[in-house]
Protein chains: 2
Amino acid sequence: MTGLSTRAIGRAAVRGELASIALPRFFEAGFDNVTFDDLATAAGVSRSTFLRYFGTKEDVVLFAFDPLGDAMSAALASRPAAEDEWTALRRAVDPAVALLTREPDDGLTLLRLVWTTPALWGRLHEKQASWRPALADRLAERSGDGAVSPLALRTRVMAALGCLMVAFDSWVNDNGRDDLDALTDATFAALASIPSYHQVNGRPS
Amino acid sequence: MTGLSTRAIGRAAVRGELASIALPRFFEAGFDNVTFDDLATAAGVSRSTFLRYFGTKEDVVLFAFDPLGDAMSAALASRPAAEDEWTALRRAVDPAVALLTREPDDGLTLLRLVWTTPALWGRLHEKQASWRPALADRLAERSGDGAVSPLALRTRVMAALGCLMVAFDSWVNDNGRDDLDALTDATFAALASIPSYHQVNGRPS
DNA sequence: CGCATGTGTGAAACTGAGTGTCAGGCTAGA
DNA sequence: TCTAGCCTGACACTCAGTTTCACACATGCG
């Protein structure tokens with residue numbers, strides 16, 4: 001019943017506070033031009049302390065995406081059992097879309113920073129990959145446990161999160177002109193009906 | 001007609017030589033436990049020189065994947081025009097499968113190193129992403145230029161390379177027991193027919 | 001043949017990320 | 001009040017990656 005100790009709650013709060021102080025610096029100066037010393041000074045703590053809360057500089061920025069893993073798993077689990085799989089996956093990524101469009105300017109700025117910094121882009125994809133197992137588990141539950149091969153489920157989860165990433169990419173590249181939600185619909189639609197694919201096994205030379 | 005100068009050829013050869021000296025060290029000791037000093041000493045050059053050939057440690061390992069971008073583009077371009085898109089994409093990733101299965105032990109060892117080192121895994125995905133534009137261009141050519149939206153094409157290319165990555169993942173995780181080619185077939189098949197997806201736009205609540 | 005130019009190499013100094021250690025201070029519980 | 005444990009700051013350290021400088025070597029030209 002210990003759940004979250006008072007320590008852990010405090011720690012999470014401090015992390016959020018530090019991240020919110022650090023983000024504007026990154027936006028202004030660019031990710032690579034801000035040092036831990038800068039962040040620590042801005043936050044009024046020592047470099048040591050800042051580093052204790054965020055093991056890497058990337059974590060400071062990507063902290064914003066942390067809740068998405070659980071949120072998307074929960075969203076998928078709450079879809080009606082009768083709903084088809086791809087629609088359920090489309091709805092599962094809604095929390096991600098919502099996170100970035102709640103404050104469209106902030107969301108776009110954040111995503112732009114991630115997209116223009118290879119280290120951040122890479123880490124976001126690592127994080128995204130870490131969400132997959134839980135989503136594949138939810139998918140297995142809803143389609144009867146042995147009905148579809150785990151490999152196929154993992155592939156479809158990969159595809160769904162990939163659709164989200166392509167939508168992010170388009171959104172950043174057109175500077176938020178299009179609606180992120182609509183872009184996500186479009187990427188999911190692009191995989192929904194892959195035109196006439198026959199004989200995967202059996203070598204179509 | 002300058003193409004490749006004699007300089008560039010020499011440089012590429014040296015890169016290959018240095019990489020082939022370095023790889024076994026990584027395999028033995030683990031990526032993080034090998035320093036540039038170690039590599040330089042092993043290769044009989046100075047740290048400066050080694051760093052001039054590979055800007056980062058990740059590049060030393062991922063050097064092996066460098067030719068894949070062009071190889072996959074060429075493979076896709078050479079598919080018959082009548083072939084359906086998804087099959088063409090499946091064939092486009094053949095060079096990647098071939099690269100890793102030519103010497104199955106070496107390929108598996110290399111991929112295991114990449115998969116157990118977050119930094120390498122992330123960089124491989126960056127590199128993979130850098131291959132996408134060219135592949136999307138080849139896809140646009142074969143399906144009449146304006147016929148399918150660029151967003152849809154980019155999404156399908158992402159999905160195809162994602163299938164490859166999931167196949168890699170499975171191959172590493174079962175220690176090469178299954179055939180990588182067959183695993184790739186399976187992941188592509190998992191997206192070929194996404195079961196009954198209706199109405200992406202129009203909010204299926 | 002002698003000289004200038006460009007390129008590859010090595011040495012060294014420097015910045016900054018990330019790790020580990022240690023001592024002091026604050027808080028909570030007995 | 002005393003004690004045990006955590007949080008903090010200071011410091012030293014390793015290593016990646018950048019930059020600068022000087023030297024060696026090759027090639028092209030007069």
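Residues are numbered from 1 along each chain as its sequence is written, and chains are lettered from A in the order in which they are written. In this predicted model local features need pLDDT of at least 70, side-chain atom pairs count only at pLDDT 80 or more, and totals for chains and interfaces use all residues, while side-chain values use heavy atoms, with hydrogens and water left out.

Reader: How much area do chain A and chain B bury between them?
Author: Buried area is the accessible area, taken with a 1.4 Å probe, that two parts lose on being put together, summed over both. Of the area buried here, 63% lies on carbon and sulfur atoms, and the total is about 4000 Å².

Reader: Which residue of chain A forms a salt bridge with B:Arg154?
Author: A salt bridge is a side-chain nitrogen of Lys or Arg within 4 Å of a carboxyl oxygen of Asp or Glu, and the count between the two chains is two. In the one made by B:Arg154, the closest N and O atoms are 2.7 Å apart, and the partner is A:Asp169.

Reader: What kind of axis relates the two copies?
Author: Superposed by least squares on the C-alpha atoms of residues with pLDDT of at least 70 in both, chain A can be laid on chain B with an RMSD of 0.1 Å by a turn of 180 degrees and a shift of 0.0 Å along the axis. The copies are therefore related as by a two-fold rotation axis.

Reader: Which residue of chain A comes closest to the rotation axis?
Author: With its C-alpha at 2.5 Å from the axis, the residue of chain A that comes closest is A:Gly122.
The distance refers to the C-alpha atom of A:Gly122.
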